[in-house]
Amino acid sequence: MNRRQMGIITGMSLVGLAAGLITASWIYRDGTASEESVTALLANPWTKPDNTAVNTAEWQNRVLVVNFWASWCPPCVEEMPALSDLQDEFAAKNVLFVGIGIDTPSNIRQFLETTLVSYPIVMGGLQGSKIGKALGNTQGALPYTVVINAKGKVTNTKLGKIDEDELRKQIKAAL
């Protein structure tokens, strides 16, 4: 291989690396959640998998950890035991976890027949996706987790599978 060919290969490699870095930063970036997005979250008429209404007034004045998930999403399913453990750990400290299923109602109901979680699950559907995007999930990817303090301000977001210790720190900071 001569110098010219080596230079072309090196140049193409650098362009590919730059494109990969730009793409990764776009995929994993979070948008900024506004106060209006938290208001929309609390005002939405959520329902449980059994189609009963959810009283979101019970979500207010607490640290709220909202996790957008789907039954067909492997990282979503993998993080559910950690989310349940953290809900149990922080339940006495006015912290509430809520799972918003971005899936069909039948898939969510079937999934919950075999998977126990210690926090409430609500049906998200298309409106849930819109609210997730308003809360900073600009790509609409899953899982997506939002920490909201008791004053209704988003303090942290995470696109992708959570790290249990990192989420624990974020919850403590929001208390």
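**Close-up 1. Leu41 and its neighbours in the predicted model.** Leave aside residues up to four places away in sequence, and Leu41 touches Trp46, Trp59, Leu64, Val66, Ile100, Ile131, Leu135 and Ile148. Leu41 also belongs to the largest nonpolar core, which has 46 residues. Those with the most contacts inside this core are Leu41, Trp59, Phe68, Phe97, Ile100, Leu135 and Leu167. In soluble globular proteins, nonpolar side chains tend to be buried together.

**Close-up 2. The aromatic pair of Phe68 and Tyr144.** Searching the whole structure turns up three aromatic pairs. In this one, the rings of Phe68 and Tyr144 sit 6.3 Å centre to centre, and the 40 degrees between their planes goes with a tilted arrangement. Phe68 is part of strand β1 (residues 63-69) and Tyr144 of strand β4 (residues 144-148), so the pair ties together parts 76 residues apart in sequence. Phe68 and Tyr144 are both buried.

**Close-up 3. Phe97 paired with Tyr119.** Here is another tilted pair, with 6.2 Å centre to centre and 45 degrees between the planes. Phe97 comes from strand β2 (residues 95-101), while Tyr119 lies in the loop between α4 (105-114) and β3 (121-123), 22 residues apart. Phe97 counts as buried because its relative accessibility is 1%, and Tyr119 is buried at 4%.

**Close-up 4. Helix α3 packed with helix α6.** Helix α3 (residues 74-90) and helix α6 (residues 164-174) meet at about 35 degrees, their axes 11 Å apart, in a right-handed crossing. On the α3 side, the contact is made by Ala82, Leu83, Asp85, Leu86, Glu89 and Phe90; α6 brings Glu164, Leu167, Arg168, Ile171 and Lys172. Sorted by class, this contact has six nonpolar, five charged and no polar residues.

Notes. Residues numbered from 1 in each chain as written. Predicted model: local features only at pLDDT ≥ 70, side-chain atom pairs only at ≥ 80, totals over all residues. Heavy atoms only, no water. Axes fitted to C-alpha atoms, helices over the stretch in contact; angles between N-to-C directions. Helix = DSSP H or I, 4+ residues; strand = E, 2+ residues; numbered from the N terminus. Left-handed = near helix turned anticlockwise from the far one by under 90°. Contact = heavy atoms within 4.5 Å. Nonpolar A, V, L, I, M, F, W, Y, C, P; charged D, E, K, R; others polar. Core = buried A, V, L, I, M, F, W, Y, C linked by side-chain atoms within 4.5 Å. Buried < 20%, exposed > 50% of the residue type's maximum accessible area, 1.4 Å probe, protein only. Phe/Tyr/Trp six-rings, centres within 6.5 Å; stacked < 30°, edge-to-face > 60°.
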